[in-house]
Structure formats: structure tokens, C-alpha cells
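This briefing covers a surface patch and the aromatic side chains of one protein. Please look over the sequence and the structure before reading on.

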Amino acid sequence: MLFIPLAFVFLPKLTKQALQRIIRFYSFGMVLFGLFFLAKASLRYFETYNTAVFFHNELVPYDPGAIYISVFASLAVFHFIQIPVKSNIEKACVFILALLIFLLSSKSIITIDFIIVICYYAFFVTIPSGTKTLTILSVSVFLFLSVLFVKEVRERFLIEYETAFIDNTLNDNLTKDNQNIYNVSINEAWSKKDFHQNSFFPGTALRIYQLRIFSELLAEQPIFLKGFGLEGSQDYIQAKAKQHNLNPLYGTYNFHNQYVQTFAELGVIGFLILVFMLFINLKNAFKYKDFLHITFAITMIMLFLSESFFCRQRGIVFFIVLYCLFNSTSIQETEKK
């Protein structure tokens with residue numbers, strides 16, 4: 001967060017064309033990664049005949065993980081989508097990256113990307129309104145049918161829908177020592193005093209629970225001004241898991257929310273700095289009407305609601321490098337000229 005911006009101070013001035021070349025080089029690199037992961041999964045499939053190897057953290061290594069690869073691939077796919085007249089190679093790149101993102105099955109990234117695609121065709125593309133409507137409907141129907149008929153993806157979306165508002169539902173896919181596992185609803189995650197060792201938090205419920213324990217820690221600990229310190233919150237999260245009688249595994253998770261993570265570890269000043277950085281990023285994106293910059297800005301704002309993106313070095317480097325590239329003064333000056 002400090003040394004990469006300092007490095008940009010000593011870089012030669014970047015033009016808009018130079019930025020586009022950097023993003024294009026990066027995007028083709030992500031296509032190569034996508035081909036590698038898909039080829040590796042295909043080889044594993046012919047060894048095991050198990051289709052699960054094509055999905056989520058079976059498709060990519062746990063480190064870097066499905067969420068991070070989805071984020072990296074999203075910027076690349078939008079680079080190719082925004083090209084007005086695509087070559088056959090560029091069309092193939094869109095297909096490969098879109099397939100990779102879909103198979104990785106990150107609910108948050110699929111949802112964010114879907115919203116951005118709709119906005120792109122609604123506001124950025126200069127084509128007849130009838131063609132716009134047809135394109136938006138086609139993308140929506142394709143995504144709906146894909147989620148509906150691809151079992152592995154459908155289950156990841158359905159568990160959120162089926163468990164969000166109904167308390168204590170039985171999880172049919174998980175068992176522990178021949179005991180039933182019960183899903184925790186959003187209401188339970190926020191208000192239930194004690195859980196059980198066989199309680200399971202689906203994605204949304206987990207994030208509500210983490211928001212809840214942050215509010216408890218904020219009331220119990222003097223962290224408002226300076227927080228626990230970098231990576232200092234994990235011991236307190238573990239203590240909360242024990243206090244609420246949860247499986248110790250839940251004590252190993254971070255807050256899964258970058259805003260909360262920053263507030264808990266750096267206090268209100270760190271939180272306000274983060275919000276200010278995101279505001280400036282979004283403001284500049286819309287000021288210069290750069291679609292890729294807008295995509296990056298919106299993705300980060302929404303992703304930070306469900307992921308502690310800066311808890312991994314890859315997240316920090318991805319964010320700060322692109323932040324510096326898109327918000328470079330030299331690029332803005334070039335636009336003004």
C-alpha cells in the first residue's frame with residue numbers, strides 16, 4: 001500500500017494508450033491461466049470421471065482460490081467485452097474467461113459481473129435500442145438457464161435462497177460423525193445467543209454473523225480509534241467462536257468484509273481512509289468515462305462487502321497497482337489535452 005504508490009512516483013508518465021496496452025497484456029495473461037486451469041481439470045476428469053473437478057476450488061488451487069481468480073478474470077473479460085469490433089481471437093478470449101468465471105461459481109462475482117454487463121449494454125454501447133434489449137434479455141436468460149441446469153452452480157445459489165429466512169434447516173449435503181448438520185439463517189446469525197458444533201453458516205449468514213461479532217467487539221473493546229492492529233483481530237474472532245459454542249473452524253475465518261476488517265484492525269481513521277480512496281476512485285472513473293475504470297471501482301466497492309480482500313498479499317497488490325494505474329495524474333492530464 002505504501003511502496004507501490006511510491007514506485008509510481010518514479011515511473012515515466014503513462015498515457016491512456018500505455019494503460020490500455022498494460023491491461024491488454026494482463027488480459028491475455030489471464031486467458032492463458034484460464035486455459036491452463038481448464039486443461040488441468042480436463043486431465044483430472046479423465047482420471048476420476050468426476051465433474052466436480054471443473055468447479056470452484058477444485059478448478060483452481062485453494063491458494064490463490066476461486067474468489068481471487070474470479071476477480072482477476074473479471075477485469076480481463078471486460079477488457080475484451082468493451083472492444084467495439086472484436087477479432088475471432090478476442091471473441092474466444094471472452095468465451096474462455098466467461099466460462100472460467102462461471103465455473104469458479106463465486107456468487108458475489110457472478111452477480112457483480114452480471115450487473116456490470118447489463119449496465120454496459122444499457123449505457124455504454126451505441127447500438128439500436130432494440131438490439132440492446134435483445135442482448136440484455138439474451139444474457140439474462142443464458143445466465144438463468146445456466147444456473148438452473150448446472151448442478152454445482154445451482155446448489156451454491158440455492159443454499160442462500162433456501163436458508164436465508166428459514167431457521168434451522170437440515171443441510172442435505174453435509175454430515176459430521178453421522179450427525180445432521182443444520183443451516184443457520186440470517187436472523188439466527190444476528191440474534192441467536194448460542195449455536196452448536198453442527199451449525200453451518202451459508203455465505204450470507206456467515207457474513208451477518210461476522211458483522212454481529214464485530215459490533216460486539218466494538219462495544220466490548222477500545223478499538224474505535226486505533227483498532228486491534230494489523231491482523232490483530234483473529235484471536236478475538238476465535239474467542240467469539242468459543243463463546244458462541246461454534247465449531248473451532250469458524251474461529252479461523254476473518255471478517256469476510258473489508259470495511260469491517262479495516263475498522264476492526266485500523267480503527268475509524270483507517271476505515272475513513274479506505275472509504276475516501278474508494279470514493280476518489282469511483283469519482284475519477286465516472287469523470288473520465290472510462291468503462292474499465294468504472295468496472296474496477298464498482299467491483300471493489302461491492303466485493304469489499306463480502307471479502308476481506310486485503311488479508312492476502314495478492315489482493316493488496318491487485319488493488320493498489322490498478323488503483324495507481326487508473327488514477328495516475330499523467331493519465332488524467334492526457335485526457336484533458
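Is L2 buried or exposed? L2 counts as exposed because its relative accessibility is 52%, and the cut-off for exposed is over 50%. The model is a predicted one.

**Nonpolar surface patch**

- L2 is found in the segment that comes before α1 (3-9).
- L2 belongs to a nonpolar patch on the surface, together with F3, L6, V9 and F10.
- The accessible area of these patch residues together is about 620 Å².

**Aromatic pairs**

- The structure holds 34 aromatic pairs.
- One of them joins Y45 and Y49, an edge-to-face pair with 5.7 Å from centre to centre and 70 degrees between the planes.
- Y45 has 25% relative accessibility and so counts as partly exposed, whereas Y49, at 60%, counts as exposed.
- Y250 and Y253 also form a pair, with ring centres 5.5 Å apart.
- The planes of Y250 and Y253 stand at 90 degrees, so this pair is edge-to-face; the cut-off is over 60 degrees.
- Y250 counts as buried because its relative accessibility is 7%, which falls under the 20% limit.
- Y253 is partly exposed, with a relative accessible area of 25%.

**Aromatic cluster and a charge over a ring**

- One aromatic cluster is formed by Y68, F72, Y259, F296, F304, F309, F310, F318, F319, Y323 and F326.
- R314 lies over the face of Y68, a member of that cluster.
- The distance from R314 to the ring centre of Y68 is 4.6 Å.

Conventions:
Residues numbered from 1 in each chain as written. Predicted model: local features only at pLDDT ≥ 70, side-chain atom pairs only at ≥ 80, totals over all residues. Heavy atoms only, no water. Patch = residues over 30% accessible without salt bridge, like charges linked within 9 Å, V, L, I, M, F, W, Y side chains within 5 Å. Areas by Shrake-Rupley, 256 points an atom, 1.4 Å probe, with all protein chains shown as cover. Salt bridge = Lys/Arg side-chain N within 4 Å of Asp/Glu carboxyl O. Helix = DSSP H or I, 4+ residues; strand = E, 2+ residues; numbered from the N terminus. Buried < 20%, exposed > 50% of the residue type's maximum accessible area, 1.4 Å probe, protein only. Phe/Tyr/Trp six-rings, centres within 6.5 Å; stacked < 30°, edge-to-face > 60°. Lys NZ or Arg CZ within 6 Å of the ring centre and 35° of its normal.
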